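Good morning, colleagues. Please have the sequence and the structure before you.

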Amino acid sequence: MSSPDIVSILENSKEFDRVRKEQEDILSEINKLHKKLQATPEVVEKPGDNSLARLKFLYTQAKDLSESEASISNLLINQIDALLPTGPQGQTRRRIGKEGNEQKRKRVKTESDISRLTPNMRSQLEACASLKGEQVAARVTPRNADKDEWFVVKVIHFDKESKEFEVLDEEPGDDEESSGQRQYKLPMANIIPFPKSNDPSSAPDFPPGKHVLAVYPGTTALYKATVVQGPRRRKTEE
């Protein structure tokens, strides 16, 4: 039993606890929204109300977190299984074939994970992978942070197995600890793609009263805002 193996298990255990904590927070928000809708179901008919959209977003996050929990659980089971003694001869065989066994477990796990995905989830993963090189809105603070921080960042890579984005903040602010570019690894729930600039139809409709993220002029920082007036239609196609 080696120290690096134990350290890896402890790190994955911390990540497991973090995912469970996020699940509890999401469940709490869902329950609050359920109570609101049960008490005043007519609220969804009011202009600008986003209760149903918010509920869908929360359920999507809950689903992603559940899949992350399952992936981390399988990883921890495999790590602990590799450390359990099976007798002198069995232990020797395990060490000799450890690399091959690890590769086999990884391959079986990946194939199993892919086969379990629904067509909708596969499509969502492909859409995330296609964002490489694109600018997106990203929440770089944890869910339980006192203040949410959103920035415009560039997608470097998307890992389909861990369902994590690797992004780059190309223009960190003056208050950053270092003046260089900063990289983050973020879950899918922390990323919001921008509409395609060459496809106006991909932009969602933001009616007055809608809560949105807006960009501070001349920066890559985002802030929460409320739409006061919708877009004005021009006579030209410019």
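The largest nonpolar core has 17 residues, and Phe 165, Val 167, Leu 186, Met 188 and Ile 191 have the most contacts inside it. By nonpolar core I mean a set of buried Ala, Val, Leu, Ile, Met, Phe, Trp, Tyr and Cys residues joined through side-chain atoms within 4.5 Å. Two or more residues of this core come from each of helix 5 (119-129), strand 1 (135-139), strand 2 (150-159), strand 3 (164-169) and strand 4 (182-187). Strand 2 gives the most, with 4 residues. Apart from this core lies another, of 14 residues, including Ile 30, Leu 33, Val 43 and Leu 65.

This is a predicted model, in which local features need pLDDT of at least 70 and side-chain atom pairs count only at pLDDT 80 or more, whereas totals for chains, interfaces and linings use all residues. Residues are numbered from 1 along each chain as its sequence is written, and side-chain values use heavy atoms, with hydrogens and water left out.

Let me turn to one residue. Which residues does Leu 186 touch, not counting those up to four places away in sequence? They are Ala 138, Arg 139, Val 140, Lys 163, Glu 164, Phe 165, Val 167 and Ile 191; contact means heavy atoms within 4.5 Å.

Finally, the whole chain. The protein chain has 5 helices and 7 strands, taken as DSSP runs numbered from the N terminus (helices H or I, at least four residues; strands E, at least two). Along the sequence the pattern is α-α-α-α-α-β-β-β-β-β-β-β. Of the 238 residues, 28% count as buried, that is, under 20% relative accessible area with a 1.4 Å probe, protein chains only.

Notes
Buried < 20%, exposed > 50% of the residue type's maximum accessible area, 1.4 Å probe, protein only.
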